[in-house]
Amino acid sequence: QVQLVESGGGLVQPGGSLRLSCAASGITFSAYVLGWYRQAPGKQRELVALITSGGSTNYADSVKGRFTISRDNAKNTVYLQMNSLKPEDTAIYYCNAVIYPQGSINNYWGQGAQVTVSS
């Protein structure tokens with residue numbers, strides 16, 4: 001059974017920092033592309049950051065220079081370090097793991113972690 005479990009969300013003031021973690025089980029973690037997505041109220045889910053199995057990263061323009069995605073394959077965990085947080089970063093943040101074996105797709109989501117940026 002595949003599980004992705006996020007932790008580390010919460011309430012933070014503008015300009016503050018949070019680190020999200022996503023612990024995975026039931027998959028060959030090192031082979032997967034890992035991502036963080038977010039969904040704000042009334043908006044579509046959007047990509048925040050990706051990290052490939054080789055360690056290459058990609059970020060949404062809105063978070064470049066403020067957020068950092070990383071992975072620890074020994075711990076089956078992906079992280080999102082969020083600095084200089086803004087009220088517009090408020091959303092539910094979802095962890096994602098995806099792989100494309102021989103033309104098919106294995107795609108898994110976590111349950112989400114609420115991040116609220118407010119004074």
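Let's start with Trp109, which is partly exposed at a relative accessible area of 35%. For that wording, buried means under 20% relative accessible area, exposed means over 50%, and partly exposed is in between, with a 1.4 Å probe and protein chains only. Before I go on, please keep in mind that this is a predicted model: local features need pLDDT of at least 70, side-chain atom pairs count only at pLDDT 80 or more, and totals for chains, interfaces and linings use all residues. Residues are numbered from 1 along each chain as its sequence is written, and side-chain values use heavy atoms, with hydrogens and water left out.

Back to Trp109, then. Arg45 lies over the face of Trp109, 4.6 Å from the ring centre. The rule here is that NZ of Lys or CZ of Arg must be within 6 Å of the ring centre and within 35 degrees of the ring normal. Arg71 lies over the face of Phe29, at 5.2 Å from the ring centre.

How many aromatic pairs does the structure hold? There are two. Rings of Phe, Tyr and Trp (its six-membered ring) pair if their centres lie within 6.5 Å; planes under 30 degrees apart are stacked, over 60 edge-to-face, and the rest tilted. Tyr32 and Tyr108 make a tilted pair, 6.3 Å centre to centre with 40 degrees between the planes. Tyr32 sits in the loop between strand E3 (18-25) and strand E4 (33-39), while Tyr108 is in strand E10 (residues 106-109), so this pair ties together parts 76 residues apart in sequence. Strands (E, at least two residues) and helices (H or I, at least four) are DSSP runs, numbered from the N terminus. Tyr32 is buried, at 6% relative accessibility, whereas Tyr108 is partly exposed, at 25%.

And here Trp109 comes back: its ring centre and that of Tyr37 are 5.0 Å apart with planes at 65 degrees, so the pair is edge-to-face. Because Tyr37 lies in strand E4 and Trp109 in strand E10, parts 72 residues apart in sequence are tied together.

Now for the sulfurs. A disulfide is a covalent bond between the sulfur atoms of two cysteines. In this work, the test is a pair of cysteine sulfur atoms within 2.5 Å, and the count comes to one disulfide. Cys22 is joined to Cys95, with 2.1 Å from S to S. The link of Cys22 and Cys95 is left-handed, at -80 degrees about the S-S bond. Cys22 belongs to strand E3 and Cys95 to strand E9, so parts 73 residues apart in sequence are tied together. Both cysteines, Cys22 and Cys95, are buried.

Where does Thr90 lie? You will find Thr90 in the loop between strand E8 (77-82) and strand E9 (91-99). A polar atom of the Thr90 side chain lies 2.9 Å from the backbone oxygen of Pro87, and the backbone nitrogen of Val117 is 2.9 Å from a polar atom of that side chain. Leaving aside residues up to four places away in sequence, Thr90 touches Ala40, Gln114, Val115, Thr116 and Val117, where contact means heavy atoms within 4.5 Å.

Finally, some backbone angles. Most residues other than glycine have a negative phi. Ser84, not a glycine, has a positive phi of about 50 degrees. Ser84 is in the loop between E8 and E9 and is partly exposed, at 42% relative accessibility. Gln102 also has a positive phi, near 50 degrees. Gln102 lies in the loop between E9 and E10 and is exposed, with a relative accessible area of 85%.

Definitions and conventions
Polar contact = N/O pair within 3.5 Å; in protein donor to acceptor, adjacent residues only side chain to side chain.
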